[in-house]
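The sequence and the model follow.

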Amino acid sequence: FYMSSEIIFAQAIVDGLLMGSLYALISIGLAMIWGIVEIINFAHGEFLMIASFLSYFLFIYLGIDPLISIPLAFLTTFGLGYLVQKGIINRILEAPFLAQIFATFALLLIIRNGFFVAFGPDIRSVTTWYSEATIDLYGIKISIVKLFATTIVIIATILLHLFLTRTYLGTAMRALSQDKTAAQLMGIDIKKVYAIAFGLGAGLAGIGGALLTSFYYVFPEMGVPFTLIAFISVVLGGFGNILGPAIGAVIIGVLQSIGALIMTPSMKDILVYIVFLAILLIKPTGIFSR
């Protein structure tokens, strides 16, 4: 009995780490928009949903595996994010804070209700050869699809890190997040960099959406829980960096798995909210904030 309990707990940790890595990618996208453009994007989950629908239809009509459709999902959501920043967000950057919030919330409603009208509320799903496949590691079942997703998340995060640290645009983004006035004086085109940063944030959510298509349901409101988790991860991990929200997201994934183990699965998020409130009381700037 002791060994079986140990394996069950280890299984929960592994599942939490795998799911938390996907949360991390989505949270990093929100953190980029929040930290660089300095706007709260309530429509973040809708970009994830758009990419998920795109991957779903590519699989249904063209037989393209959701994992293969990731580059197209990224490019599509990057382009949409770029256009949103250029066409909407840039016009309200100097507007009152509430106006910025209402703008992104309105965008959320437009996209979500547009998909409701176009595709209805039906829940869709995709089944691939690896959807139910697992690897047995000393009694711990590791989901193949989530392992694939974690590998892709790690690759995407490494590429993002290289972009931010080794390219001019990446350096410009980091400069803007630290001191907008100094960046302007150095000749950085703020609106262009903002548009690329917003596009990258939306693109990362798009990668998450394509990955979710392999093992999660596709429907117009699917972005809601992931947006909430991304917000909590950013606040939990701390503002002003990418690593903090990523670690915060992994912590949330593990807490959810443990919560589902010690409580009923429907109440698994309670443990997340308890820890979240505790962090806000003890260190409201986040665990890893500077």
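The model discussed here is predicted.

Helix H5 covers residues 144–166 and helix H8 covers residues 190–212. Their axes cross at roughly 165°, so H5 and H8 are roughly antiparallel to each other. A second pair is formed by helix H9 (residues 223–237) and helix H10 (residues 243–262), which pack at about 120°. That angle makes H9 oblique to H10. The crossing of H5 with H8 is right-handed, and the crossing of H9 and H10 is right-handed. The table lists the values for each pair.

| Helix pair | Angle between axes | Axis separation |
|---|---|---|
| H5 and H8 | roughly 165° | within 10 Å |
| H9 and H10 | about 120° | 7 Å |

Helix H5 also contains Leu162. This residue belongs to a nonpolar surface patch that also includes Ile154, Ile155, Ile158 and Leu159. Together the patch residues have about 440 Å² of accessible area. Leu162 has a relative accessible area of 34% and is therefore partly exposed.

Which residue lies in the loop between H8 and H9? Pro220 is found there. Pro220 has a relative accessible area of 1%, so Pro220 is buried; the cut-off for buried is under 20%. The C-alpha atom of Pro220 is 6.1 Å from that of Phe116, although the two residues are 104 residues apart along the chain.

Definitions and conventions: Residues are numbered from 1 along each chain as its sequence is written. This is a predicted model: local features need pLDDT of at least 70, side-chain atom pairs count only at pLDDT 80 or more; totals for chains, interfaces and linings use all residues. Side-chain values use heavy atoms; hydrogens and water are left out. Patches are made of residues with over 30% relative accessible area and no salt bridge: like charges are joined within 9 Å, nonpolar side chains (Val, Leu, Ile, Met, Phe, Trp, Tyr) within 5 Å. Accessible areas come from the Shrake-Rupley method with a 1.4 Å probe; for residues, only the protein chains shown count as cover. A salt bridge is a side-chain nitrogen of Lys or Arg within 4 Å of a carboxyl oxygen of Asp or Glu. Helices (H or I, at least four residues) and strands (E, at least two) are DSSP runs, numbered from the N terminus. Buried means under 20% relative accessible area, exposed over 50%, partly exposed in between (1.4 Å probe, protein chains only). Axes are lines fitted to C-alpha atoms, for helices over the stretch in contact, and angles run from 0 to 180 degrees between N-to-C directions. Angles under 35 degrees count as roughly parallel, over 145 as roughly antiparallel, 65 to 115 as roughly perpendicular and the rest as oblique. A crossing is left-handed if the near helix is turned anticlockwise from the far one by less than a right angle, and right-handed if clockwise.
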